[in-house]
Amino acid sequence: MRTLTVLLQAQGDGGMGMILMLVAMFAIMYFFMIRPQQKKQKELQNFRKSIEKGQEIVTAGGIYGVVREIDDVNNVLIVEVASGVRLRVDRNSVFATAQATENYSK
């Protein structure tokens, strides 16, 4: 980053150097912050679309359960958290599969 600053100062034109510095800062922020977040969000959206009956999931609130029914019209899942205990959960609140969280915690 310092070399970029030195090169811009050596040019002598302060206005153009400032514009180039701002463009460089935006490019750095895009490739290190914005783009990875967009990629992660797209993966999560694809995962939520691919949920199937019988799959073990974890909600954003930390509730583990098994998907028993899927209502695509209302975007709702019926999740069984214990024997005979079923919850209606919005599909967008599903965080990951139970296997993925077990691998993450190890």
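Predicted model: local features only at pLDDT ≥ 70, side-chain atom pairs only at ≥ 80, totals over all residues.

A residue is called buried when its relative accessible area is under 20%, exposed when that area is over 50%, and partly exposed in between. Glu 69 has a relative accessible area of 40%, and it is therefore partly exposed.

The overall arrangement comes next. The protein chain contains three helices and five strands, and along the sequence these elements follow the pattern α-α-β-β-β-β-β-α. Of the 106 residues in the chain, 24% are buried. The chain exposes about 8,100 Å², of which carbon and sulfur atoms supply 59%.

Which residues make up the largest nonpolar core? It consists of eight residues: Phe 47, Ile 51, Ile 57, Val 67, Leu 77, Val 79, Val 89 and Val 94. When residues up to four places away in sequence are not counted, Val 79 touches Ile 57, Gly 65, Val 66, Val 85, Arg 86, Leu 87 and Val 89.

Thr 59 belongs to strand 1, which covers residues 56–59. Its relative accessibility is 8%, so Thr 59 counts as buried. Apart from neighbours within four places in sequence, Thr 59 is in contact with Val 89, Ser 93, Val 94 and Phe 95. Val 89 and Val 94 are also among the members of the largest nonpolar core.

A patch of about 840 Å² is formed by Met 25, Phe 26, Ile 28, Met 29, Phe 31, Phe 32, Met 33 and Ile 34. Met 25 lies in helix 2, which comprises residues 14–49. Because its relative accessible area is 36%, Met 25 is partly exposed.

The charged pairs remain to be considered. Side chains of opposite charge can pair when their charged atoms come close. How many salt bridges does a search of the whole structure find? Such a search finds three.

One of them joins the side chains of Glu 80 and Arg 68, with an N to O distance of 2.6 Å. This pair links distant parts of the chain, since Glu 80 is in strand 3 (residues 76–82) and Arg 68 is in strand 2 (residues 64–71), twelve residues apart. Glu 80 counts as buried because its relative accessibility is 17%, whereas Arg 68, at 35%, counts as partly exposed.

Another salt bridge is formed by Arg 86 and Glu 69, whose closest N and O atoms are 3.6 Å apart. Here too, distant parts of the chain are linked: Arg 86 belongs to strand 4 (residues 85–90) and Glu 69 to strand 2, and 17 residues separate the two. Arg 86 has a relative accessible area of 45% and is therefore partly exposed, and Glu 69 is likewise partly exposed, at 40%.

A further salt bridge brings together the side chains of Arg 91 and Asp 72, at 2.9 Å from N to O. Arg 91 lies in the loop between strand 4 and strand 5 (94–97), and Asp 72 lies in the loop between strand 2 and strand 3, so the pair links distant parts of the chain, 19 residues apart.

Conventions:
Residues numbered from 1 in each chain as written. Heavy atoms only, no water. Helix = DSSP H or I, 4+ residues; strand = E, 2+ residues; numbered from the N terminus. Buried < 20%, exposed > 50% of the residue type's maximum accessible area, 1.4 Å probe, protein only. Contact = heavy atoms within 4.5 Å. Core = buried A, V, L, I, M, F, W, Y, C linked by side-chain atoms within 4.5 Å. Patch = residues over 30% accessible without salt bridge, like charges linked within 9 Å, V, L, I, M, F, W, Y side chains within 5 Å. Areas by Shrake-Rupley, 256 points an atom, 1.4 Å probe, with all protein chains shown as cover. Salt bridge = Lys/Arg side-chain N within 4 Å of Asp/Glu carboxyl O.
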